[in-house]
Amino acid sequence: IARAVATAPAASEPATAPARAPRQSPVTHVVSVGAFTFMDRPSGRWHQPDVGEPVVIDVDSTGDAGLGPEASMAAVDAALAAWTQVSGASIVLQRGVAAAPMPMLCDGISQIVFNDPYGEIPNPGRCSGVLAIGGYCTAGKSEIDVIDGVQYRRIIEGNITFSNGFAKCPFWTEANLAEITTHEIGHAIGIGHASETDDEPLAALKDATMYYRAHFDGRGASVRPDDAAAARALYPGGTEPPDEDIDRDGVPDIADNCPGSDPVRGLANPAQTDLDGDGVGDLCDPCPLAADDASCGQLLGSRVRARDRGLGLLQWSAEVDAPMGDADGAAARVVLVSGDGVLLDSAGSTERPGRGHGKALGRSKNRHRMKFRGAGTTLSLGSARPSGFRVRLRVRPFLAPAAPASLVVIALQVGEESYTAPLICRPKARFALACTS
């Protein structure tokens, strides 16, 4: 019981973005290993794959109160299949019998329960709150598996409970239920969060289904490269031949500039854009507009909104936790990139006098502002306490992408300084593009 209670909070998913985590360093650091994490220390894993047996999880037959049993079972089956089909991983997951729901306790029964019948999750308010909890129970110190020299306790039970009260929320769909189920099953088989940072600088980790916030971008039961790397590390083997295109973008990993075989840079980017020519695709490049990745600053709290009515309008705002500095006569550039290519490139925007200022660079005792204008674009930079600055961009006309993007990267270059951030995009009725960090 203590282990189940301790595990549950780490597996929770907020429906909306929580308060921003403490700001990160303005410098992006690139890691060279997969950033997936495992649950507990030592971590847990199922022993069944080692002896050729499936992991079977029973399912509450009532299904979700809002979506109904048929859609609920379809979401569960899709999520189980997503983890089972990971190339190079030996784990096989199956739906078991229809069982009466039980509390999330270590009672020897692996189960998926809907509608939180035992009140184990706080009720949501205004479509915000904990979506589901998931975790596992182990046999303790008596049963240990050793994989590549690492000890793992054997998981003997996995449990998932879905919250009650989201049925009337617009995001509560079969596809999003499948995403939540895939995430929570990841916890039940021993995988932790890819990242728990709002302003995560690595796009591949923010795109992972095991990222600590739900994406709700229509992905459904999708396992991303970082997720797959975690499954292969915990459950090496499998009978399937190696997958040559793990991120499913139509480009073999051996030729892909964001290869799915790399858990840190694996992203679907069929366009293969590479604006700085460093051989790394813009979507997974820690600094798309400069070859020196380590010197790239981080954009915090980015928000992009684009409307496709009339001439189309895009607006973007962000903050940088670093001094703005002086850039007299400098040029500025903002680039917005998705896996399908460049959505916006304001190359050629130059500094112009702003209203109320007689010089190109306006100053006052406590404020420092710059404004850059190009064809249809206005980029404003203004100092912010204690030592950073704010960025605002307005673009009109703006032609929104024909296909909605689930992940975009925005990059800013002012003079010799560069900044960037990956953004998660969700479908919004009023917007052609709605993305946040």
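This is a predicted model: local features need pLDDT of at least 70, side-chain atom pairs count only at pLDDT 80 or more; totals for chains, interfaces and linings use all residues.
Ala, Val, Leu, Ile, Met, Phe, Trp, Tyr, Cys and Pro count as nonpolar, Asp, Glu, Lys and Arg as charged, and the others, Gly among them, as polar. Residues are numbered from 1 along each chain as its sequence is written, and side-chain values use heavy atoms, with hydrogens and water left out.

**Exercise 1.** Determine which classes of residue line the largest cavity.

*Solution.* Begin with the volume of the largest cavity, which is about 80 Å³. Of the 13 residues in its lining, those closest to the centre are Pro201, Leu202, Ala203, Cys284 and Asp285. Sorted by class, the lining contains eleven nonpolar residues, one polar and one charged.

A cavity is a set of points, on a 1 Å grid over the protein atoms alone, where a 1.4 Å probe fits but cannot get out, and lining residues have an atom within 4 Å of a point. Grid points are joined across faces, edges and corners, and a volume is the space filled by probe spheres set on the points.

**Exercise 2.** Find how confident the predictor is along the protein.

*Solution.* Start from the average pLDDT, which is 84, with 85% of the residues scoring at least 70. Then turn to residues 7-34, where the pLDDT is below 50, although this stretch has 83 contacts (heavy atoms within 4.5 Å) in the model beyond near neighbours in sequence. Finally, residues 354-366 also have a pLDDT below 50, and this stretch has 21 such contacts.

Methods
On a 1 Å grid over the protein atoms alone, a cavity is a set of points where a 1.4 Å probe fits but cannot get out, and a pocket is an open set with protein on both sides within 12 Å along at least five of seven lines; lining residues have an atom within 4 Å of a point. pLDDT is the predictor's confidence in each residue, from 0 to 100.
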